[in-house]
Amino acid sequence: MSYLSLASSGAASAAAAAVAAFPGGSCIPGRRQYARLANGLTVCVLENRQAPVVTTALCLRAGTSDDPPGHGGAAHFLEHMMFKGSARFGPGEIDRRTQALGGSNNAFTSHDSTTYYFSFAADRWTEALAIEADRMASLTLDPRQVASERQVIREEIAMYESEPWDALEVAVQARLFRGHAYGRPVLGTRGELRATGREELAAFQRCFYRPDNAVLVVAGEASEETVLGEVERTLGGLPPGAERRAGAAPVPWPGGMVRLRRRKGEVPRLLLALPAPAGDHPDHALLRLLAALLGSGRSSRLYRALVDEGQLCSWVHTDLTESLDAGHLTIAAEVVPGVEPARVEGELLGLLAELVGTRPGLEEVERARQVALADWVLHHERVEQQALSLAVALALFDAEHLDRQMRRLLAASPAALHEAAGRYLRPELGSVLGWSLPRS
Amino acid sequence: MVETADRVTAAGRAGRPGLATRVRRVEGAPVVAVRLWLDAGARVESIPGQGLLTGRMLEEGTRRRDWRRIAADAEGRGMELSSFGAFEGHGVNVDALAPDWELALEWAAELVREPSFPEDRCAWLGKQAAAELEGLADQPDVKSAWGFLEHLYTPHPRCRPVLGDVASLRTVTAADCAGLHRAALAGGLIAAVAGVIDEDAVELRLERLFGDLPPRAEPFPPPVAPAGLPERRHQVKVESEDQVHLYVGHLTVPRRHPDYTALELLAVILGSGAGLTGRIPTRIREREGLAYTAHAQTVAGAGEDPGRLVAYVATAPATASQAEKGVVEEIARLADDGIGDHELEEARSYLLGVEPFRRETARQWAELLLEAEQYGLPLDDPQRRAADLRALDRRTCEAAARRHLRPADLRVTIGLPG
């Protein structure tokens with residue numbers, strides 16, 4: 001067994017031990033093989049026999065960014081319709097078949113991609129390929145089903161609008177990415193939904209749902225030979241011809257700190273969104289480590305200052321998106337009722353300024369690295385999680401993306417982090433600070 | 001003294017050794033999951049929120065270390081260490097890299113056996129939990145769900161959130177937490193450990209860390225029985241944009257009930273299975289397009305006390321009546337008309353098929369081992385589970401449906417925009 005062999009600066013041993021949690025020379029366990037079918041479908045087989053299960057994840061390079069003008073939400077709408085009937089599998093039949101075989105399935109749409117996945121016991125996983133092939137080739141898009149699903153998505157929109165954090169997040173993201181496709185809501189608006197019907201959905205599928213625009217990961221207890229044979233047999237006959245995407249579009253970031261205020265609920269909620277580089281940028285790993293240093297674990301700066309010691313917030317959380325054109329780092333905090341929101345804001349901005357002004361110590365950086373690595377290891381234990389991470393990385397970036405970013409994270413020095421903090425953690429240079437404040 | 005219990009009730013554990021262990025080697029990522037559990041949570045607390053704070057206080061300091069040191073030491077090793085208070089118990093969870101298994105056990109033991117319950121931390125945790133409670137109350141589905149629990153379980157402690165309430169959280173003291181923890185420890189401890197480990201070595205270490213625990217004392221007296229609110233319909237005001245949250249159901253059976261597995265199977269037929277399958281999601285979402293979220297359970301929250309039949313739908317106010325009618329009719333149809341052979345086989349196949357996914361990781365195994373020990377059920381034995389599911393026939397399931405799904409007793413809680 002070989003392990004990802006990485007040297008990090010400073011106290012590397014514990015970090016290396018964390019990565020060694022995954023055998024196979026990678027931050028994802030198992031043996032990986034890649035192939036490309038004649039029709040352009042990229043296939044990755046992750047042979048990992050930790051449990052008698054197999055996950056298939058089909059990721060298409062088509063998402064909200066590709067929604068046609070006036071038909072926002074089309075990518076997401078189509079994702080719903082992919083479960084609503086094809087030549088061999090009538091409406092609801094995919095779920096019934098999945099259930100009868102004791103499996104699970106789901107799908108998700110982002111601005112960059114749409115991913116469909118199935119998890120089955122290892123002796124019956126090939127049914128997933130039969131379903132994917134059928135709905136790629138002969139999706140029905142029955143107008144009655146389209147109308148019914150439009151209503152379902154309206155309820156989904158209502159659900160997001162009712163949830164205070166979801167509503168704040170949508171508003172903040174819309175402002176941060178104003179003028180860029182990432183600012184559009186994945187679900188679309190009610191008006192756009194009304195304007196989107198069978199024709200638009202069929203056109204979207206024709207353009208983007210092609211094998212040369214897709215990545216298929218088959219992970220778990222399955223051999224490369226079996227997988228490739230099954231994939232060729234089921235998906236090898238799909239015709240290529242996907243529409244090519246335009247290159248990355250620059251984001252017109254806000255010129256300073258933009259403030260948003262909403263009134264909802266009884267608890268003040270803060271969401272600060274800062275511009276971040278694209279997922280494959282070398283700085284992305286540095287920013288991931290900075291996010292951990294700031295907000296992962298009880299020893300992190302924000303958690304300690306705002307929660308455990310300052311006792312201003314009930315919790316604080318940092319997150320970093322990984323996207324094609326650009327990302328964003330968010331800091332979210334729920335304020336203890338009675339605490340003045342301005343005080344929390346002041347503390348937060350002060351802590352960011354401190355990190356920009358003073359280089360973090362090696363011990364603190366190593367702690368953040370351990371937390372980030374443990375988070376990765378413990379959240380990639382399941383075959384399904386491994387398949388999904390691989391599929392999205394492969395569709396948006398390349399086969400080495402995950403390992404390369406992990407190497408960068410391991411190699412990051414305090415000096416490099418400090419420089420990155422100076423580039424990205426300065427809200428005054430461009431950011432959106434959103435507040436959801438109590439109605440009372 | 002180490003024991004492995006089989007089909008013992010909580011009351012039947014009195015006088016047995018103080019430590020019960022379940023240890024299992026699980027291949028996969030080289031990690032270890034440690035779960036220490038004490039049978040005292042919100043179910044037996046005397047002040048709402050006491051069980052939650054008792055659990056959370058374990059990581060706030062010990063005789064050896066304060067909360068800062070505990071957190072820094074764990075995070076420095078890449079460990080996820082946390083203490084918790086739940087409805088039936090409280091305890092400590094540690095997820096670590098496998099080579100750190102001894103440290104994980106030692107630190108978990110330190111938190112359980114040597115907590116210092118600092119008063120200042122208790123005051124803050126109470127305030128923090130109150131803030132969490134208020135934050136959760138802003139979520140319309142959560143607030144409606146709390147209303148449903150109140151509707152079904154009043155005056156049983158399940159009728160309120162495990163977090164307690166804002167006023168009571170202010171009154172819980174460190175001494176209250178220490179008292180509950182002491183009493184819980186006297187009632188015994190369950191240790192479940194899974195991962196890439198040497199099982200014998202782990203057993204030995206557990207014996208060294210906890211073997212001196214005295215025989216178990218009598219458990220806490222059971223709480224007052226649930227009766228529910230008298231009205232059939234209960235309204236909760238929520239801050240929602242154009243959406244109603246509908247909960248329909250009634251109490252069913254506790255975890256050890258012989259009909260539990262049949263009810264699990266009936267839940268799949270009703271709407272707890274894969275994707276949007278099941279009678280309720282098929283009708284409410286797939287056929288009538290009324291909701292994005294629609295699902296059903298028959299033994300939700302079952303433990304020492306009865307679980308509940310619950311169907312949940314989030315829909316527009318204009319379609320709430322139609323959704324409610326659909327849910328009630330589907331429950332009645334299942335109770336009155338029974339199930340088809342095909343439905344039975346499909347649901348059975350689903351439950352058999354998902355088993356490997358419940359046993360993939362060390363953490364999943366540790367949770368299963370803990371639950372097995374807690375309820376004295378063979379939940380950690382995949383063959384036994386498969387045999388139980390295969391033994392269910394249509395007649396047995398329909399009889400269980402007639403006994404436990406009672407359309408005339410259905411209660412409806414509605415979270416209405418207000």
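The legends below describe close-up views of a predicted model. Local features are limited to pLDDT of at least 70 and side-chain atom pairs to pLDDT 80 or more, while totals for chains, interfaces and linings use all residues. Residues are numbered from 1 along each chain as its sequence is written, and chains are lettered from A and ligands numbered from 1 in the order in which they are written.

**View 1. The open sheet of chain A.** Six strands of chain A make up an open sheet with mixed pairing, in the order E1-E2-E6-E3-E5-E4. Strands (E, at least two residues) and helices (H or I, at least four) are DSSP runs, numbered from the N terminus; two strands pair if DSSP finds at least two bridges between them. Strand E1 (31–36) and strand E4 (104–109) of chain A are the edge strands, each pairing on one side only. From one strand to the next the twist averages 15 degrees.

**View 2. The pairing of E3 and E5 in chain A.** Strand E3 (residues 53–60) and strand E5 (residues 114–121) of chain A are antiparallel and pair over eight bridges. Thr55(A) has Ser119(A) of E5(A) opposite.

**View 3. Helix H14 on the sheet.** Helix H14 (residues 383–396) of chain A packs on the sheet and touches strand E2 (42–47), E3, E5 and strand E6 (214–220) of chain A. The direction of H14 makes about 155 degrees with that of E6(A). Axes are lines fitted to C-alpha atoms, for helices over the stretch in contact, and angles run from 0 to 180 degrees between N-to-C directions.

**View 4. The two domains of chain A.** Domain 1 (26–235) and domain 2 (257–437) of chain A follow the domain assignment, with bounds from an automatic or database source. Their centres, taken over C-alpha atoms, are separated by 28 Å. Contact (C-beta atoms, placed from the backbone, within 7 Å) involves 36 residues of domain 1 and 33 residues of domain 2 of chain A. On the domain 1 side, E2, E3, E5, helix H6 (164–176) and E6 of chain A each supply at least two residues; H6(A) gives the most, with ten residues.

**View 5. The side of chain A that touches chain B.** Here 58 residues of chain A are in contact with 56 residues of chain B. Elements of chain A giving two or more residues to this side include helix H1 (13–19), helix H3 (93–100), helix H5 (143–162) and helix H13 (362–378). H5(A) gives the most, with ten residues.

Notes: Two residues are in contact if their C-beta atoms, placed from the backbone, lie within 7 Å.
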